[in-house]
Amino acid sequence: MRRGGWIAGFLAVAMTGLLWGGAASATPEHGIAMFGPPALPPDFAHLPYADPSAPKGGRIVFGVAGGFDSLNPFIVKGRAPAEIRSHTVESLLGRNWDEPFTLYGLLAETVETPLNRAWVEFTLRPEARFSDGAPVTVDDVVWSMEILAEKGRPGFRNVWAQVTEVERTGQRTVRFHLDGADREAPLILGLAPIFKRAQWERRDFAEPTLEPIIGSGPYKVAAVDPGRTLSLARDEVYWGRHLPFNQGRNNLDEIRIEYFRDATAHFDAFKAGVVTFWREGDPARWRDGYDFAAARDGQIRRAEIPHSRPTGMYGFVFNTRRPIFADIRVRRALTLAFNFEWINATMFAGGNQRIRSYFDNSPLAHSGPATERELEILAPFVNSLPEGALGAEWRPPESDPADLRNRRALRDAARLLDSAGWTVRDGVLVDARGAPFQFEILLGASADERVAGVFRDALAGLGIEVSVRTVDSAQYQARRDDYDFDMIVNQWAMSLSPGNEQRFYWGRDGVETPGTRNYMGVDSPAVEAAIDALLSARRSEDLVAAARALDRALSHGVYVIPFWHSTVSRIAHDARLRHPEKLPLYGDWVGWTPDVWWSAGQ
């Protein structure tokens, strides 16, 4: 779908939300949307991007650079495969990725909430079972949320803190009373993973484990070789296989994940047929790098999948907890020194586009001067915003793609550094005390080394000493979780319905609390106000204004040197793997690969 088409669709959802806003009191429903009614009726037969006639069988093999030492992805400690959450553990509600943010009954057969969302009530399906055959109970649901808030990753705590009372209103029904400040809270509670309480009676949930979690999902852990291989097998007696929500989903008999030392070994394994699915991030290799036997012989298929999701943010992240990056003039100077145009032209055959803001490529991106609605959110905090943030949009600087040395930008960067108290002495940039400007770029993947090397060389021209250090995935995750770095490369994904995850990404609690994704150390009252406005939005137009205000505050704060994005996803896969023609709104994102794929042969 072209960009104009999906913007029109998003605004249509907004208008529907306005009409739905006057609906009557709460009744049990088959689903819940952030705004307006669910798009699918109560008697829907299957998700719009799933093919209910898809055959069962076959397997898909993914590759990951790195390793794992735990099978619990819900805690800070350890490294666990994300596929555990995606395929073996379920939640009360499941997401339709063809709508901005709408959930339908999964473990729960109904969800009920009033217009003010002061509470939400879930009724469990009587047939819901864990993989060992035990029924899913209200006690399991309540315990799961309590343990996530107490010992899980910090993100869920913000929502659980809004629960004022838990009321068991029936044998299969539980009601969560809320403080009403966060209209997304009912949906986030509906997406919480549900565990079997009895499994954890004599174990510490916060400690890593290689014992598989007993979940209720369509797959079970079949084989584990720590750090090397994980195999998930389809549960043929999965309790939810007959639900309309699952028709055409969970078709593959095996989902296998192989781990490799780096991206080069990973791609070599794909060429050799060991890995059967590859997501290509390098436009130059996409153009020139597929002249190998499997591709020539038709054993590999390639496709460019359009998507309608925001770019998110991806780039070099300043850790503003470090004094060296606390001054925005320094961050602006280093952003000027990053020669995106030359890198894109030389390394990526000009195939990428620059990320311009956190919600770029969507109607949630800010532009021009702040609108009246944005001003209502941000104006009270104008003194905490960078000068000019309300009067103009922020855009990354542009350079000459033919000029590797980026002379004009470096001159401007030098002036900014000088204004911040940094001067060059004997070719070295120093502060007033004579201390040199030096820092480390910490990397968790060798694929980032080329770009980091170009950036390091550019900064050397300003008298800045940069070291680039690549560490293994365990050390990288530990240091990132503890904010023990000067600069890293990171990527944050965004949806068309931003909400509680934004607090996890940019909330001021993350300045000191380990394990959040506020890697840059954002501590901004304007950002806090924009997140508050997101979570309290009653209409889609209010959410759009709040997202733009957040986008504006973050972008003008220059916490990240933006990299690049593509409006299509480039995927290559074993020719026997197939997917429906219909694509969801979010394209090839979570919930599409491998959820609705199938195998056409062994």
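Predicted model: local features only at pLDDT ≥ 70, side-chain atom pairs only at ≥ 80, totals over all residues.

**Ile 328 and the helices**

If we set aside the neighbours within four places in sequence, Ile 328 is in contact with Pro 386, His 556, Gly 557 and Val 558. Ile 328 itself sits in helix H9, and its C-alpha atom is separated by 57 Å from that of Gly 133, a residue 195 positions away along the chain.

Staying with H9, which covers residues 328–337, we find that it packs with helix H12, residues 407–419, at an angle of about 165°, the two axes being 8 Å apart. Because an angle over 145 degrees counts as roughly antiparallel, H9 is roughly antiparallel to H12, and the crossing of the two is left-handed. On the H9 side the residues that meet H12 include Arg 329, Val 330 and Leu 336, while on the H12 side they include Asp 412, Leu 416 and Ser 419. Sorted by class, this contact has ten nonpolar residues, one polar and three charged.

Let me turn now to helix H3, residues 138–151. How far apart are its end C-alpha atoms? They are 20 Å apart, which agrees with the 20 Å that its 14 residues should span at 1.5 Å a residue. H3 is mostly covered, with ten of its 14 residues buried, among them Trp 143, Met 145 and Leu 148. What covers those buried residues includes strands S6, S7 and S8 together with helices H4 and H5.

Note on methods: Residues numbered from 1 in each chain as written. Heavy atoms only, no water. Axes fitted to C-alpha atoms, helices over the stretch in contact; angles between N-to-C directions. Helix = DSSP H or I, 4+ residues; strand = E, 2+ residues; numbered from the N terminus. Parallel < 35°, antiparallel > 145°, perpendicular 65-115°, else oblique. Left-handed = near helix turned anticlockwise from the far one by under 90°. Contact = heavy atoms within 4.5 Å. Nonpolar A, V, L, I, M, F, W, Y, C, P; charged D, E, K, R; others polar. Expected span 1.5 Å × (residues − 1). Buried < 20%, exposed > 50% of the residue type's maximum accessible area, 1.4 Å probe, protein only.
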